[in-house]
Amino acid sequence: MDRVRWGIIGVGDVTERKSGPAFQQAERSELVAVMRRDAAKAEDWARRHGVGRWYADADALIADPEVDAVYVATPPDSHADYAQRVAAAGKPVYVEKPMARTALECEAMVAAAEEAGTGLWVAYYRRALPRFRRVRELLDAGRIGRPRSVLVRTQQPARTGGQLPWRERPEVSGGGYLVDLGSHTLDLLDWLFGPVTEVTGGATATASTDGAAGPRAEDQVSATFAFAGGVRGVGLWDFAAAERIDRVEVVGDGGSLVFSCFGSEPLRLLVDGREERVPTEHPDPVQLPLVQSVVDELTGRGTCPSTGRTALRTARVVDALLADHRAAEAARLATATP
C-alpha cells in the first residue's frame, strides 16, 4: 500500500498524547476512525482530534473498508481477542504493550497473524526512540569496551487509597507493574543484547493483605538472567518502596553506561574515573518513531523492530518471573473461606 489508513480500538488515556497523534503525524499515515464502547466518549475523542468517524462497536471499525490497519489500545485482557479478530479480517494490527496477559495469549496472536499473512507489531516503542538508539550506538562503538553485565533497579512508592487501577488487577493486566513497566525494560534489554536464554527469579505481593478478594499483583520482583549476546544481568523491581529509582547500568570491561528507562535526563558514560553526560530528547508524541517504522514496513520502505515475535519473548520472561507467584495466588484463592 502507498498510504496506511488507521483505525483505533480503545481511545483511552494512552491515545491522547503518547500514541494517537502519531498516526496522524507519521508520513504516509492517516487516522480515519476510532472506537470506544462509550459512543459519546468515542465521538468526543474523534472531534477533539479531527477524526471523521467513530464507532461503539469494534467489529464495525474492523470491517470498515476504509480502515487498512488497526491499533488496539485497550487494556491487555482484550488484546488477544481483538488482534485475532483483526487478523481474521485480513488486516495488520499494532497492539499496545504489554502484548497480552500471558505468553499463551501472545502465541495465539502470533499464530493468527501468521496464518492470515498479516502483520503484527507491539508498542514497545523504546526500540525506536532516539534515546535508546544512542545507547545502542555507544555500546556498538565500544565506548565502555565489551559489555559484560547489566543491573536494573526500578522502584516507586505504593499507590494508596482508591479503587485499584487496571494495571494492578492481574485478571485484566496479567499482573502488576512488572507487567506494565518492567516489561518495557526487559524488552529494551532484549533489543540491546539479544534474547534472554536463562532467567530465574521470583515475585511476591508483600504490601497486599491476605484477605484480598482477587489475585494480588506482584509488588516485589527479583531476577537474574543471561542474554544470547553473552551479557548477564540482575534486576530488582520494588513497587512499595520509599523512593523512586529508575536506573539501568551496563558494565563493560572498559567502563559503564548508566541511564534511566523512563526518564529523559542525559545518559552517563563512566570511563577511567571520568563522567561524560550525553543529552538525548524524546519526540512528541513519544510513539511516533515506532509508528513510523510500522508504516514504513507496510509501505515497503523499512521494517519495524518490535514485532509479535519479539514481544512474545518478553512475555515469556515475565511469565517465568511470575509463575510461582501466580500459582501461589491461585492456591490462596482456592482455599479462601467464601
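**Close-up 1. Surroundings of Phe259 in the predicted model.** Leaving aside neighbours within four places in sequence, Phe259 is in contact with Arg131, Phe132 and Val135, with Leu188 and Leu192, with Asp246, Arg247, Val248 and Val250, and with Leu267. Phe259 is also, together with Trp6, Tyr94 and Val150, one of the residues with the most contacts inside the largest nonpolar core.

**Close-up 2. The nonpolar cores.** The largest nonpolar core has 66 residues, and its largest share, ten residues, comes from helix H8. In soluble globular proteins, nonpolar side chains tend to be buried together.

**Close-up 3. The crossing of helices H8 and H10.** Helix H8 (residues 177-193) and helix H10 (residues 308-335) have axes that come within 9 Å and cross at roughly 125 degrees, which makes H8 oblique to H10. The crossing in which H8 passes H10 is right-handed. On the H8 side the contact is made by Leu178, Val179, Ser183, Leu186, Asp187 and Asp190, and on the H10 side by Thr310, Ala311, Arg313, Thr314, Val317, Val318, Leu321 and Leu322. Sorted by class, the residues in this contact of H8 with H10 are eight nonpolar, three polar and three charged.

**Close-up 4. Asp57 and its loop.** Asp57 lies in the loop between strand S3 (53-55) and helix H3 (58-63). Asp57 has a relative accessibility of 39% and therefore counts as partly exposed. From Asp57 to Val14 the separation is 43 residues in sequence and 20 Å in space, C-alpha to C-alpha.

Notes: Residues are numbered from 1 along each chain as its sequence is written. This is a predicted model: local features need pLDDT of at least 70, side-chain atom pairs count only at pLDDT 80 or more; totals for chains, interfaces and linings use all residues. Side-chain values use heavy atoms; hydrogens and water are left out. Axes are lines fitted to C-alpha atoms, for helices over the stretch in contact, and angles run from 0 to 180 degrees between N-to-C directions. Helices (H or I, at least four residues) and strands (E, at least two) are DSSP runs, numbered from the N terminus. Angles under 35 degrees count as roughly parallel, over 145 as roughly antiparallel, 65 to 115 as roughly perpendicular and the rest as oblique. A crossing is left-handed if the near helix is turned anticlockwise from the far one by less than a right angle, and right-handed if clockwise. Contact means heavy atoms within 4.5 Å. Ala, Val, Leu, Ile, Met, Phe, Trp, Tyr, Cys and Pro count as nonpolar, Asp, Glu, Lys and Arg as charged, and the others, Gly among them, as polar. A nonpolar core is a set of buried Ala, Val, Leu, Ile, Met, Phe, Trp, Tyr and Cys residues joined through side-chain atoms within 4.5 Å. Buried means under 20% relative accessible area, exposed over 50%, partly exposed in between (1.4 Å probe, protein chains only).
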